[in-house]
Amino acid sequence: MQGRSRRTFGQLFSEEGPIYPYLYLIPHGVFFFAFIVYPIFKGLYVSLTDWDMFTNSGTFAGLRNYKVLLDPSTVQYVYYWQALRNTLTFVLISVPVLIGVALGLAVLLTGKMPGRGVFRTVFFMPTALTVSVVAVIWRWLLNANHGYVNYLLSKLGVEGIAWLTSQPWAWASIAIATVWWTVGWNMILLINGINGIPEELYEASRIDGATSWQLFRYMTLPCLRPVMFYVGITTVIASFNLFGQPQLMTGGGPTRSTLPVMLHIYGEAWGNYRMGTATAMAYATALFMLVVTAIQARFMSGSIEY
Amino acid sequence: MRSRLSLIIGLVLVFVLLLSTAGYAAPVTLDYWTGFTGPDGATMQKLVDQFNQEHEGKITVNMSIMPWDSFYEKIVAAVISGKAPDVAIMHLDRMAEFASGGVLLPLDDLIGELGLDGSDYIEAVWSCGVWQGKRYSIPLDAHPTVMYWNKTLFEEAGLDPESPPTDRESFLAITKALTKDTTGDGKIDQWGTMFSVGWPNFHYWYSLFYQNGGVLFDETNTKSTYNSDAGLDALQFFVDCIYEHKVSPQNVQVDSEHEAFKRGELGITFNGIWMLSDYRNQPNLEFGAGPVPQWGSERQAVWAGSHQFVLPKQRSADAAKTSAAVNFVKWIGDHSLEWGFGGQLPAKLSVLRGDEFGQDPYFGNIAKMETYIYFPPPFPKYGEAVGPIWDAINAAVLGASSPQDALARAADLSDKILAAK
């Protein structure tokens, strides 16, 4: 009797048993639940309470923290929506450039030009830097009074642009630094995409007399659609998560105009210790990003057949 | 048989341990957290080492240094998880936040025991360690805003390098004389002064605002009172220096005034006392350091910050550790001369007014401001409630809004912050 049940128990965990594959998933599962699933639900719970950092507890407050975000008489309302608008501005400025420049570089560096390996490495290299290094480099370069960029511009007769302290230059500075820093990722992805397009398609088109612009417009671009879909969505999400560049380059200034929503949420949580409203802002923003991504997916998805 | 043997050995061990602890007072180890990541960290470590040496076998202090930002985050987590340091340094304007969260130990009884007396300290930094009738912090230092002036440029402009500006008129006259085009290309390349967009321009405004007799918030801290003649005049003055008198350039990026002064291209700059050693280490920079001019009309005043000792609450109170911690705080205060020379005004008057500090050509001059350092009474939302003023100053200094509009908008935001629960 005992022997038989032990055998079944053993079988359960044997290589053919139903549990066996899941054993391999346990290490990942532990981290997945501890660092992703649990925080998501804990955060949601915190957003429904008036959480006190110092006692690490809170009483249930219903949707009060969310209502605060819709009540114009609160400071949270003023600051949150301003910060969300700032982030949206950055998404609108940066995403087209981040994809456009990456695409341009990818097309150039898949052509038959000498030394393209060197250039690929050079353009990709900044992605290895941390945001603090990137911010320090660009703060120096863009210093209004003694920066290298303004020095070069003065040779061309353009005087004293206040890059980091006035608009629209502050946004331009952050966008330039971001493009310089991250465009290499998108470039590599698009290079792989272009290399994956069958050469016969180009040959056939060339025989039909297609110009290089036509090749790009009617062959490369449509064939890149799956890669573009991925690049588009990840770039939008990355731009939504803007944090370190304004924190270190402009400090959110001038007058909060480059203070992105993520930095504001961080300040609400760790500067003002209001975890309830901070998490409510985080979930409202996440919902917003979800909607944007869903819309994007609807317009950009669709399979491609060679 | 074997189990009985191990039982006997175990009992003997326990007995020996009991004897050894009963015989001697156990040495106390204190965890000490600070945010001194600069050269000030090395100075403090030296003091801690000396303290440990003098108290060998009795008290050992282990200092941990972390950047201020993460310090204020970590200390919350540490208190919650029962791993709070025994003693820590906080900025005076953050103390009330933590006291109101119930994470700091009230110190009134301990102070009496140790014979610490408020009259031994700079009055302003001592009296602001009290929140809602209880003392939560003991001052280490005060760090006021200081005027630095380039003596070489003074001489070149025909000014007396030993008589820096003291009021509004002399400030404008001197900065005008210092503002010039030295290369003859029609562009001004040497400025009288520089008012930055951002840090630390709030300190300038604050100094002038209090000189004008202003008060930031009402007595119950429920309403802002800075959108007043005193506040407006203060803001207008800095805007006028840039656009009307043209003694400061526009759009001064944070820290570029500091760099320009080090390069010797700036006549007068205002920054914390903590910048002094940086300027002293700059070769070929002949400069003076002293009190901020009295730009205002009512009283002498200057902005300052202050590092204060606090004792975070422990999950289980340990009287031996607490009294060791207060002993440590007292000892550091008595030995804060070197700390002061690192770029601070020692809060302890016996050190501050002692010959060694007072006769230093730089510190002695700066220390004159000691009697009129002004702190608002601490309350938990102070930092958040002055936030809109920083934005208002930047908007006005950039010319993005008029001083009136900027200050009115800020006051509205501050009121919203103060009205919230």
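This is a predicted model: local features need pLDDT of at least 70, side-chain atom pairs count only at pLDDT 80 or more; totals for chains, interfaces and linings use all residues.

Q: OK. How many residues line the second largest pocket?
A: It is lined by 23 residues. Nearest its centre lie Ala144(A), Asn145(A), Glu159(A), Lys187(B) and Ile188(B).

Q: How much space lies in there?
A: About 730 Å³.

Q: Which helix gives the largest share of the lining?
A: Helix α7 of chain A, residues 148-155, with 3 residues.

Q: And how does the lining divide by residue type?
A: Into 10 polar, 8 nonpolar and 5 charged residues.

Q: Switching to the interface. What area is buried between chain B and chain A?
A: About 2,600 Å². Carbon and sulfur atoms give 54% of that. In chain B, Glu73(B), Gln253(B) and Lys416(B) lose the most area to chain A, together 23% of what that side buries.

Q: How many residues does each chain put into the contact?
A: Chain A puts in 30 residues, and chain B puts in 30 residues.

Q: How many salt bridges are there between the chains?
A: The count is 3. One pairs Arg256(A) with Asp391(B), with the closest N and O atoms 3.6 Å apart.

Q: What about polar contacts across the interface?
A: There are 9 residue pairs, both residues at pLDDT 80 or more.

Q: Which element of chain B gives the most to that side?
A: α18(B), with 6 residues. The residues of chain B's side divide into 13 nonpolar, 12 charged and 5 polar.

Note on methods:
Residues are numbered from 1 along each chain as its sequence is written. Chains are lettered from A and ligands numbered from 1 in the order in which they are written. Side-chain values use heavy atoms; hydrogens and water are left out. Contact means heavy atoms within 4.5 Å. Buried area is the accessible area (1.4 Å probe) that two parts lose on being put together, summed over both. A salt bridge is a side-chain nitrogen of Lys or Arg within 4 Å of a carboxyl oxygen of Asp or Glu. A polar contact is a pair of N or O atoms within 3.5 Å; within protein, one must be able to donate a hydrogen and the other to accept it, and residues adjacent in sequence count only if both atoms are side-chain atoms. Helices (H or I, at least four residues) and strands (E, at least two) are DSSP runs, numbered from the N terminus. Ala, Val, Leu, Ile, Met, Phe, Trp, Tyr, Cys and Pro count as nonpolar, Asp, Glu, Lys and Arg as charged, and the others, Gly among them, as polar. On a 1 Å grid over the protein atoms alone, a cavity is a set of points where a 1.4 Å probe fits but cannot get out, and a pocket is an open set with protein on both sides within 12 Å along at least five of seven lines; lining residues have an atom within 4 Å of a point. Grid points are joined across faces, edges and corners, and a volume is the space filled by probe spheres set on the points.
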